[in-house]
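These are my notebook entries on a structure that I looked through step by step. I set down what I looked up and what I found.

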Amino acid sequence: MKKYKIIILLALVGTMGVSNALAQTGNEIADKVFNRSAPENGESDMTMALINSKGKERQRFLHQFFKDYGDTEKSTMFFKSPADVKNTSFMNYSYDDDRDDDQWLYLPALKKVKRISGGSKDDYFMGSDFTYEDMEKRNPNKDLHKLLKTETLNGETCYVVESTPKEEGQYSKRVAWVIKDKWIPLKIEFYDEDEELLKILSITEYEKLVGYWIIVTQEMENVQREHKTVIGLTNINIENGIGDTYFTQRAMIKGL
Amino acid sequence: MKTRIISIVALLFAFSFFIKAQEAEQKLETNGFIRNYMGVLTAPPNKFSINQNTLNLEFKLQTEKFGLYANPYYYQYADQEDVFDIRELYIDLVTDKFDFRIGKQQIVWGQADGVFITDIVSPLDLTDFLLRDFNEIRIGVNAVKVNYYPHNDHNFEMIWVQSFTPSISPQEGSIWQPDMDFMAPPTFDYSNQTRGNIFGNGEFFAKYSLSKSWADIQLIGAYTWDDAPSLHMSPITDPTPGLLIQPEHHRLSLAGMSFNTQIADFILRGEGAYYFGKYWQTTDISANDALIKKDYLNYVVGLDKTVRDWKFSSQFIQKRINGYEKGIYNDEIDNLATLLVSRSLFRETVRLEWFSYHGFNDEDALIRFRGFYYPQDAVSIELGTNIFLGTEGAFGQYNTNDMIYSRIKYSF
């Protein structure tokens, strides 16, 4: 499953999956991060900036809709630019059980909605520095956790938690700085299979909307490849009663 | 040609003024691309197979209940007459349960890539064989299309194409003109080929679509015309002994279905159609005009798989003539396969793609290997090669047309 659409909006709340290292405190952190309340539906504009080591920037603009149906989460993304991908749309259904996601892609040049097979979880999303797994709501039971310390970061008191996967994955470990009381991971370090620092995720802007903490801007930097991706959300509209018709092939073809 | 250009420009001006009047409520979207396309045959003397510049424009205005779309295009050639036309020009009306689209439009059906089995609404422009992008191969048809959505998962589509538009064959003298061997010198008479712009010459198509997480399924039916003309042949003696050949389009009905579903990490897809009463060329001397009417079945099964940055897709296509008789020019069973392998590199700034057709009956093939480089957003540079293998068949007949080509495209 790739629950990236809501995760894009709510931003990586589950990637560190903190749990029981320092007795009860670790469990509480894990539960509160993983179960942090999230809106059931919404939409937003999304800007994705891909920036290379020379500072050259490529931007993608999208509009996304999402809705949580309980056992199924549905999302639709519409590409607004660059011009060669404009009006391309992508729809994803992800399920709470072990089923793979269902995904469809509409390419305006082909005038056809195609069902597509999901790639590997360690594939990069749209050429960015985020892998599909990075954007997945990772269950804390998949990792062993260790609360390293408490530290102040950007004026916020944070728990610093090291998470090591129980089964071999694309990262050997993650270290997350979780804001006390807000349960938002303000920063996450990702280490490669040689335990070298690979990527750093930084949350640079977040705000409370309709009672939910929403991450508005985040930056993923690949320190080995000297490349980074900045994702920003604007025109965020949550709990606005998005209709079911936005999650249909009819909507994909019609576009925004 | 000049009159046609003036008419189209006048139409576009009228369209733009109308759009201006609407802009206060909804912004007009203007998109398109400019492209340079050059191809050179690899065989000496290395003639240009194509030398074309393209301007493609798209104007779109959409409100919640109403839409307008126009897609004029201009092909400028170095060595042949320019082409200036409108690919699509239509009006959309949208309600909760119904969509209406009225005007010239491309309509795409089916699940197959690169083959046309249930994708039979829009005829094909085969001026450059199958080498154009598919949205440039399909010809827009003047039609009324109605979609009814009783539920989000269900869609009934009805299409009335007001008058028959045939596929476009390569021009005489083109390197893509198919091989045609006749037993005697041919004399062509095209007087029966045009169906005329008559109400009764329309085409009717119907489709039901079911979209579920476990599968997408479409059932289709059509009462149409055969886009390819049948060649009625009869001997003549005046002015010289030979064959009189009269191309003529005939009615064709079909019923079919298409589907796709995910099995593990694979996408399984397919489509098939049973065609009623197609005219086939025959050498049977008792056959009227050297034609015989037979049903046939055409189907495709395809499998797609993505592994990291690699995409794999293969299809098997079979055509079977029902009640086959000796003397029919086509084989009773015709087998074809396609293979697509593509890979994106360097954060999707480079893409390599292999797409090939493999004909089993004639042991021929078309191999299209190409690379795309995207130096910046909206700019693509494509270098490719088209290689024809074999000596006969749909692809082998073009074995002297191997080429390399470049396409530089700027989208806006």
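**Entry 1: Chain A as a whole**

I began with the surface of chain A in this predicted model. Chain A exposes about 10500 Å², and carbon and sulfur atoms supply 44% of that area. I then looked up the secondary structure and noted three helices and 13 strands in chain A. Of the 256 residues in chain A, 58% are buried. I also looked up the contacts in chain A with a separation of 6 or more, and residues 24 or more positions apart account for 50% of them.

**Entry 2: Confidence**

I looked up the scores of the model next. The model has an ipTM of 0.88 and a pTM of 0.87. For chain B the average pLDDT is 91, and 94% of the residues of chain B score at least 70.

**Entry 3: Salt bridges**

Side chains of opposite charge can pair when their charged atoms come close. I looked up the count over all chains, and it comes to 36 salt bridges.

I turned to one pair in chain A, A:K182 and A:E156, which form a salt bridge with their closest N and O atoms 3.2 Å apart. This pair links distant parts of the chain, 26 residues apart. A:K182 is in the loop between β9 (173-179) and β10 (185-191) of chain A, and A:E156 is in strand β8 (residues 156-165) of chain A. Are these two residues buried or exposed? A:K182 counts as buried because its relative accessibility is 19%, under the cut-off of 20%. A:E156 also counts as buried, because its relative accessibility is 17%.

In chain B I looked up B:D113, which forms a salt bridge with B:R269; the closest N and O atoms are 3.4 Å apart. B:D113 lies in the loop between β5 (98-105) and α2 (134-137) of chain B, and B:R269 lies in strand β14 (residues 266-281) of chain B, so the pair ties together parts that are 156 residues apart in sequence. Both B:D113 and B:R269 are buried.

I then looked up B:D128, which forms a salt bridge with B:R132, with the closest N and O atoms 2.9 Å apart. B:D128 is buried, with a relative accessible area of 12%, and B:R132 is buried at 8% relative accessibility.

Which residues of chain B are linked in a network of salt bridges? I noted B:R35, B:D133, B:E136, B:R351, B:E353, B:R370, B:E382 and B:R407.

**Entry 4: A nonpolar patch on chain B**

I looked up a nonpolar patch on the surface, formed by B:L339, B:L352, B:W354 and B:F369. Together these residues have about 320 Å² of accessible area. One of them, B:W354, has its place in strand β18 of chain B. I recorded B:W354 as partly exposed because its relative accessible area is 31%, which falls between the cut-offs of 20% and 50%.

**Entry 5: B:T349**

B:T349 is buried, with a relative accessible area of 16%. What is B:T349 in contact with, leaving aside its neighbours within four places in sequence? I found A:R58 from chain A, together with B:F372, B:Y373 and B:Y374 from chain B.

Notes
Residues are numbered from 1 along each chain as its sequence is written. Chains are lettered from A and ligands numbered from 1 in the order in which they are written. This is a predicted model: local features need pLDDT of at least 70, side-chain atom pairs count only at pLDDT 80 or more; totals for chains, interfaces and linings use all residues. Side-chain values use heavy atoms; hydrogens and water are left out. Buried means under 20% relative accessible area, exposed over 50%, partly exposed in between (1.4 Å probe, protein chains only). Contact means heavy atoms within 4.5 Å. Helices (H or I, at least four residues) and strands (E, at least two) are DSSP runs, numbered from the N terminus. Accessible areas come from the Shrake-Rupley method with a 1.4 Å probe; for residues, only the protein chains shown count as cover. Patches are made of residues with over 30% relative accessible area and no salt bridge: like charges are joined within 9 Å, nonpolar side chains (Val, Leu, Ile, Met, Phe, Trp, Tyr) within 5 Å. A salt bridge is a side-chain nitrogen of Lys or Arg within 4 Å of a carboxyl oxygen of Asp or Glu. pLDDT is the predictor's confidence in each residue, from 0 to 100.
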